Protein chains: 2
Amino acid sequence: MRRRVSIWAVSVVSACRACDEAGSVSTSYAPPVQRLVTELSKLPGVGSRTAQRLAFHILRSSGEDASALAQAIVEVKEKIGLCEVCFNLTDETRCRICQDARRDQGLVCVVEEPSDVIPMERTHEYHGVYHVLGGALSPIDGVDPEDLKMAELFARVSASEAGVREVVLATNPTTTGEATALYIAQELRERAPEVKVTRLASGLPVGSDLEYADEVTLGKAFAGRRAV
Amino acid sequence: MRRRVSIWAVSVVSACRACDEAGSVSTSYAPPVQRLVTELSKLPGVGSRTAQRLAFHILRSSGEDASALAQAIVEVKEKIGLCEVCFNLTDETRCRICQDARRDQGLVCVVEEPSDVIPMERTHEYHGVYHVLGGALSPIDGVDPEDLKMAELFARVSASEAGVREVVLATNPTTTGEATALYIAQELRERAPEVKVTRLASGLPVGSDLEYADEVTLGKAFAGRRAV
C-alpha cells in the first residue's frame, strides 16, 4: 500500500514537470513575462518555479527597484575587468588589495576563482596579496596551464623587484585543485627555488564531529597533526 | 559533549553571518559587484551568499546573456500591465484568456494573485475566464474591499451582457483567503442572486497519506465526502 502511494506521488510530480517543460505554461504568460522567466531560469540554482517566483516579485516591486537591478547587471558587465597584477575582479586597472600599501607584497596567495578571495579575506588572518588563476588544471575538460594565469604567476614570483618570499597555494582541496597546486609547486621549485611554497592545511572543519568526518579528511587531519 | 559541539557549530555560523552583515565583505568587492550583490539579495529567497553566487555567475556569463537578463527586467516593467477585464498580467489591453473566444465567458474564477492563474491553467480542467483580486481581505494588514478589485468583480457579474452563470471562488485555503471568499459569496447573493457561487473543494491532496494529513484538512475532507 505504501509503495503504491509513493508511485502515485511520483507520477503526479512528473506530470507537473512534463507540463512545465512542454511549455503549456508559456501559453498563459504574456511574452515579456515568459522572457524574464526564461532569462532568470538560466541562473545557477534557479529552476522554472523559482524563476516564476522571482519574476512575479519583480513585477510587484517598484519601478526603481527593478531598474536598479537591471542597471547593476549592465554596469557590472561594463565596468568590471581583471586586475593587471593579480587578475582579481576590479573596476580599475589594479584591484583594491594590490593598491593597498599595507598589504604584504612578499606573500602571494594563489586561488582558483575571484570568488575564492572573499572567504580568505573573511578570516582576517591573511595580509598578503593574491593571484587568481581563473580555474584549475583539468586535462579532461581541456584546461591546460596556458588557459590559466600560470605564466603570469611564474613571471611575478621570479621578478626580483616583487620580492616574493612565500607563495601560499589555496586552490580547492579537490582533485583538480590538488593537481594545480602540485604543478605550481613543481614549477616554482625549478624557477624560483628561493621562494617558500606552502599549501593550506587539510583537516577537520572547526565545529564538526569526528564521528561524521569522511575517511580522507580524517586521514589528512592525522597526517597533518601538530604538537600542542 | 554533543551539546558542546553543537553550540560551537552555532557560534561559528553566527560569526560568519555577523561578518556578512557588518559589511566586511563589501570592503573587498569592487563597488559595481557590491551593488549587484545588494540588488540581487533583495529578491525573495536570495540571501547574501546566493546573491554572491549569482553575481559571480553573471560576471562569468557572456555579455549577451547578462544584457538579455537586464533587458528582460526592464521590458517586463515597461510593457506589462493589468488586463482591463480580469486584471491578470498582460502586455495588451486585454489578456490572452479574455481575448480567447473559446473560453466560457459565463464562468468566472476568482483568484488572489496573477500567479494563481498559472496553477489553474495547468489543470487543463478549467475553460472559463478569471478575475484577479490583487490580494485577499486582511483588516489587520489594512487590506479592505476597496483595495482589491471587488467593485469591478461585482459590476462584471451583475452586468447583463456578460451573462455570468457561475463564479468559482479560488482564493487560497487560508484564513484571509477564506474570509475573502465568504465576503464575495455574501455580496454576490445580494447583488446577483441568480448567479451560482461555488468554492474549490478542500480535502486530501492526491498522492498523500491519511496518516500524515493534518486534522483540519482531514475534517474538511470528511465534511466534503461524496457518494461513489
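Reader: What rotation superposes chain A on chain B?

Author: In this predicted model, chain A is brought onto chain B with an RMSD of 0.1 Å. The shift along the axis is 0.1 Å. That is the relation of a two-fold axis, and the rotation is 180°.

Reader: What percentage of the contact residues of chain A recur in chain B?

Author: The two copies are served by the same surface. The contact residues of chain A recur in chain B at 100%.

Reader: Which residue of chain A comes closest to the rotation axis?

Author: The distance is taken at the C-alpha and comes to 2.2 Å. Of the residues of chain A, the one closest to the axis is Ala70(A).

Reader: Is the crossing of α2(A) and α4(B) left-handed or right-handed?

Author: The contact takes in Pro32(A), Val33(A), Arg35(A), Leu36(A), Glu39(A) and Leu40(A) from α2(A). From α4(B) come Asp65(B), Ala68(B), Leu69(B), Ala72(B), Ile73(B), Glu75(B), Val76(B) and Lys79(B). The crossing of these two helices is left-handed.

Reader: How many charged residues does the contact of α2(A) with α4(B) have?

Author: Sorted by class, this contact has 9 nonpolar residues and no polar ones. The number of charged residues is 5.

Reader: In what order do the strands of the sheet in chain A stand?

Author: The sheet is open and has 4 strands, paired in the parallel sense. β4 (128–132) and β6 (196–199) of chain A are at the edges with a single partner strand each, so one side of each has no neighbour in the sheet. From one strand to the next the twist averages 25°. The order is β4-β3-β5-β6.

Reader: At what angle to β6(A) does helix α8 of chain A run?

Author: Helix α7, residues 150–158, lies across β3, β4 and β5, at about 150° to β4(A). Helix α8, residues 175–191, lies across β3, β5 and β6. Its angle to β6(A) is about 170°.

Reader: How do α7(A) and α8(A) lie to each other, oblique or roughly parallel?

Author: The axes of α7(A) and α8(A) are 11 Å apart, and the angle between the helices is about 40°. Angles under 35 degrees would count as roughly parallel. In handedness, α7(A) passes α8(A) in a right-handed crossing. The two helices are therefore oblique.

Reader: How many nonpolar residues does the contact of α7(A) with α8(A) have?

Author: On the side of α7(A) are Met150(A), Leu153(A), Phe154(A), Val157(A) and Ser158(A). They meet Thr180(A), Tyr183(A), Ile184(A), Glu187(A), Leu188(A) and Arg191(A) in α8(A). The contact has 2 polar and 2 charged residues, and its nonpolar residues number 7.

Reader: Which residue of β4(B) is the bridge partner of Val108(B)?

Author: Chain B has an open, parallel sheet of 4 strands in the order β4-β3-β5-β6. Within that sheet, strand β3 (residues 104–111) is joined to β4(B) by 5 bridges. The two strands run parallel. In β4(B), the bridge partner of Val108(B) is Val129(B).

Reader: Which strands of chain B does α8(B) touch?

Author: Helix α7(B) lies across β3, β4 and β5 of chain B, and its angle to β4(B) is about 150°. Helix α8(B) also packs on the sheet, and its direction makes about 170° with that of β6(B). The strands touched by α8(B) are β3, β5 and β6.

Definitions and conventions:
Residues numbered from 1 in each chain as written. Chains lettered and ligands numbered in written order. Predicted model: local features only at pLDDT ≥ 70, side-chain atom pairs only at ≥ 80, totals over all residues. Heavy atoms only, no water. Pairing = 2+ DSSP bridges. Axes fitted to C-alpha atoms, helices over the stretch in contact; angles between N-to-C directions. Contact = heavy atoms within 4.5 Å. Least-squares fit on C-alpha atoms with pLDDT ≥ 70 in both. Parallel < 35°, antiparallel > 145°, perpendicular 65-115°, else oblique. Left-handed = near helix turned anticlockwise from the far one by under 90°. Nonpolar A, V, L, I, M, F, W, Y, C, P; charged D, E, K, R; others polar.
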